Amino acid sequence: MDFGLIAQYLANGILLGTMYALVAVGFTLFFGVLDVIKFSHGDVLMLGTFIGFTAWMGLAAIGVTNPWVQLLGVLICSLGGTALIGAAIAKWLVLPLKKAPQLNTLLITLMLGTAIREAVRLFYPNGSNPKAFPALLPDAAVELGSFSLRADSVILVLAGLGLIGVLSLVINRTRLGLAIRAVAQDEETARIMGINYTLVVLATFAIGSGVAAFAGIMNGLYYNEINFGMGLILGLIGFSAAIIGGLGNLYGAILGGFLFAGLQVIGAALLPFASAYKDVFAFAVVIALMAWKPTGLIPERSSDRV
Amino acid sequence: MKFNIGTKFHRIVLAAGACAGLACGTAATAKETVALGFIGPLTGGVSSVGLGGRNSAELAIRLRNADPAAKYSYELEALDDECKPNVGVQVATKLATNRKLAGAVAHYCSAVAMGTVDVYHRFGLPMTVWGAVLPDITYGNDYPEITRVNGTMINQNETAAKFMTGLGYKTFAIIHDTTDYGKGHNSYLSKFLAEDGATVVGAFGVSADQQDFTAELTQVKALNPDVVVYAGLTPGGVRVRQQMAKLGITAVFQGVSGIKSDAYFEGLGGDLAEGTLTFLEGAPAEKLPGGAFFLTEYEKAGFSTPPEAYGPFAFAAMNLLIDAVEAVGPDRKAIVEYMGTVKDHESITGLITFDDHGQNTVALITGYVAQDGKWVVWEDSDYAKGTRSLPAPK
């Protein structure tokens with residue numbers, strides 16, 4: 001296998017890994033502050049992407065043609081809208097069930113995800129067909145032998161990694177981050193110390209959902225195609241990534257995302273049998289890893305959540 | 001038995017009481033209503049084709065209901081299989097257990113039809129396939145209930161292989177989804193390509209809802225084939241074509257009947273679709289024997305979505321079923337027997353003749369190329385005329 005091919009696989013793996021990590025971060029944040037698993041995460045991501053797509057159509061309709069301005073508009077609408085939706089889900093569906101068994105939260109978000117998915121399919125104009133997402137990033141490419149490195153991929157990866165970096169700073173260096181960590185560690189003590197618990201939970205859900213919307217827009221810009229079912233598999237992969245990384249740990253989610261992308265690429269590229277089994281391979285390794293390290297690769301310590 | 005009012009009147013006056021009573025009965029009461037079923041993917045990724053099929057089947061029923069010579073009045077029960085075998089079996093059972101239902105026209109997705117044929121057989125419900133192309137749906141069983149008006153992927157791939165090798169292409173990479181549909185296309189296309197002297201340099205199975213094809217396409221790029229084939233449905237075809245461009249693969253892109261929908265252009269946008277080749281049983285509606293009639297009536301009926309590629313077949317299948325009911329009455333057993341004898345039956349897609357497996361033997365296959373955001377019959381395209389050209393064989 002020549003260098004160009006390996007580089008191509010590597011580039012693809014890094015891009016996928018960034019995307020998965022962004023989704024996994026949401027799962028891990030929600031679990032950190034509230035000990036819940038929000039299964040509608042993938043579908044909220046899809047909804048965010050469709051909000052961005054609609055925003056782009058609106059901008060194009062009122063005559064905004066500069067791709068950078070369009071991109072900015074898409075990101076503001078999508079991230080903002082999805083953050084609000086995330087906070088709303090937390091306020092009206094997740095928090096009221098706080099005293100109920102955890103299984104109820106899991107079920108209600110699972111059903112919410114299906115409802116969102118079906119609603120987009122049925123009520124979005126032609127929602128059941130794949131949509132052509134606009135290519136807003138420069139599509140220049142550098143050809144190095146059989147390796148073609150595209151400018152848009154590089155920008156997407158840098159932006160994704162940048163967002164993860166900012167998120168890490170917010171969690172570790174700001175007052176909000178401190179509050180989130182405090183709630184994650186011990187809710188009651190945090191309340192006694194004067195932290196507005198509800199606000200912190202809503203902020204966490206807003207941040208996690210906004211990050212997922214960013215992953216969705218990234219997905220749209222990279223593949224130039226979006227569809228109502230895109231959140232399903234992304235959600236599942238993000239969840240698996242968060243689990244193998246160690247649910248509740250930010251760095252674990254990032255590690256898990258890249259690990260899962262690496263497994264998929266290895267499954268498709270190096271295994272002697274057909275690529276049809278790459279997901280079987282990746283998920284089988286996830287099962288093996290979970291059996292080996294049930295609490296994840298970077299386990300959550302009770303004193304060091306999120 | 002056809003009466004006009006004149007003879008009916010004549011008979012009432014002249015004939016004995018029993019005969020007159022019968023005539024009065026039919027004249028006085030409304031026609032008996034016969035329920036007919038339709039199943040297709042009305043939601044989901046390929047719903048555009050399903051809705052086109054449903055509308056076309058409904059059109060056949062509306063036209064017949066408007067015909068005063070029809071003996072029965074027909075009503076359509078249209079159900080959604082979502083292109084999922086488990087859902088398909090549920091809705092097929094729902095139709096089959098409805099004793100008022102005389103027959104059905106069903107399935108665009110081969111994987112669904114493979115799951116449901118047993119249901120129709122068990123309940124003795126005559127079912128005519130309007131879109132699914134997997135050969136095993138008719139050839140994999142001996143069920144007299146199952147018939148099919150459209151051709152199979154055997155014919156389709158034989159023509160495709162001849163056509164592509166005829167253009168000088170020698171090396172092919174095939175990406176196929178791992179449903180019966182994708183796998184079937186892969187095996188028949190590989191077989192016919194080999195017979196025509198071409199080489200399949202790589203075949204990759206992918207899941208039907210896969211999003212990322214970069215890993216497979218990276219390998220394809222290294223193999224450097226003349227043609228990349230995607231054997232699957234529109235959503236996957238859109239993604240493979242999109243990602244080929246991302247990786248700088250300049251090979252010809254060839255699809256199968258499953259990607260020939262207007263949704264292909266909606267999903268791709270821009271110029272990427274240009275030059276995509278695909279093959280489909282039958283011919284475009286306007287070139288079919290009854291195509292002009294069908295399109296005018298479809299237009300007149302005011303449906304909100306186009307008939308898509310398989311609409312004419314759904315129309316022909318429903319019409320055939322109605323003809324059967326008209327001939328032998330709304331009795332399932334009699335209709336199944338009738339279907340066994342169909343030979344040179346007139347339809348808008350040409351003459352229908354069923355072989356001993358209920359398969360229509362007419363194997364008319366048409367090649368299409370994507371040109372300016374539309375599927376154009378190859379012979380009419382700028383590519384065939386030489387004013388545009390596909391990537392040259394390597």
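In chain B, 15 residues of domain 1 are in contact with 17 residues of domain 2, where contact means that the C-beta atoms of two residues, placed from the backbone, lie within 7 Å. This is a predicted model, in which local features need pLDDT of at least 70, side-chain atom pairs count only at pLDDT 80 or more, and totals for chains, interfaces and linings use all residues. Residues are numbered from 1 along each chain as its sequence is written, while chains are lettered from A and ligands numbered from 1 in the order in which they are written.

**Domains of chain B**

- Domain 1 of chain B covers 32-151 + 288-362, and domain 2 covers 154-281 + 367-385; these bounds come from an automatic or database domain assignment.
- The C-alpha centres of the two domains of chain B are 28 Å apart.
- On the side of domain 1 of chain B that touches domain 2, the elements giving two or more residues are α3 (47-65) and α5 (110-123) of chain B. Helices here are DSSP runs of H or I with at least four residues, strands are runs of E with at least two, and both are numbered from the N terminus.
- α5(B) provides the largest share of that side, 3 residues.
- By class, this side of domain 1 of chain B has 9 nonpolar, 5 polar and 1 charged residues. Ala, Val, Leu, Ile, Met, Phe, Trp, Tyr, Cys and Pro count as nonpolar, Asp, Glu, Lys and Arg as charged, and the others, Gly among them, as polar.

**Contact between chains B and A**

- Chain B gives 33 residues to the contact and chain A gives 32 residues.
- The side of chain B that touches chain A receives two or more residues from each of α3, β7 (199-206), α9 (214-223), α10 (234-246) and α11 (263-268) of chain B.
- The largest share of this side of chain B, 7 residues, comes from α9(B).
- Its classes are 9 nonpolar, 17 polar and 7 charged residues.
- α9(B) is mostly covered, with 8 of its 10 residues buried. A residue is buried if 20 or more other C-beta atoms lie within 10 Å of its own, exposed if 12 or fewer, and partly exposed in between.
- Among the buried residues of α9(B) are B:Glu216, B:Leu217 and B:Lys221.
- Just after α9(B), B:Asn224 takes a positive phi of about 50°.

**Helix packing in chain A**

- Helix α9 (residues 230-245) and helix α11 (residues 278-292) of chain A have axes that come within 10 Å and cross at roughly 30°.
- α9(A) and α11(A) are therefore roughly parallel to each other.
- A:Ser240, A:Ile243 and A:Ile244 of α9(A) make the contact with A:Val286, A:Leu289 and A:Met290 of α11(A).
- The residues of this contact of α9(A) with α11(A) are 5 nonpolar, 1 polar and no charged.
- The axes of helix α2 (residues 41-61) and helix α8 (residues 197-223) of chain A come within 8 Å and cross at roughly 60°.
- α2(A) and α8(A) are therefore oblique to each other. Angles under 35 degrees count as roughly parallel, over 145 as roughly antiparallel, 65 to 115 as roughly perpendicular and the rest as oblique.

**A:Leu234**

- A:Leu234 lies in helix α9 of chain A.
- A:Leu234 is buried, with 25 other C-beta atoms within 10 Å.
- Not counting residues up to four places away in sequence, A:Leu234 touches A:Val23, A:Gly42 and A:Leu45.
- The C-alpha atoms of A:Leu234 and A:Asp43 are separated by 8.9 Å, although the two residues are 191 residues apart along the chain.

Notes:
Axes fitted to C-alpha atoms, helices over the stretch in contact; angles between N-to-C directions.
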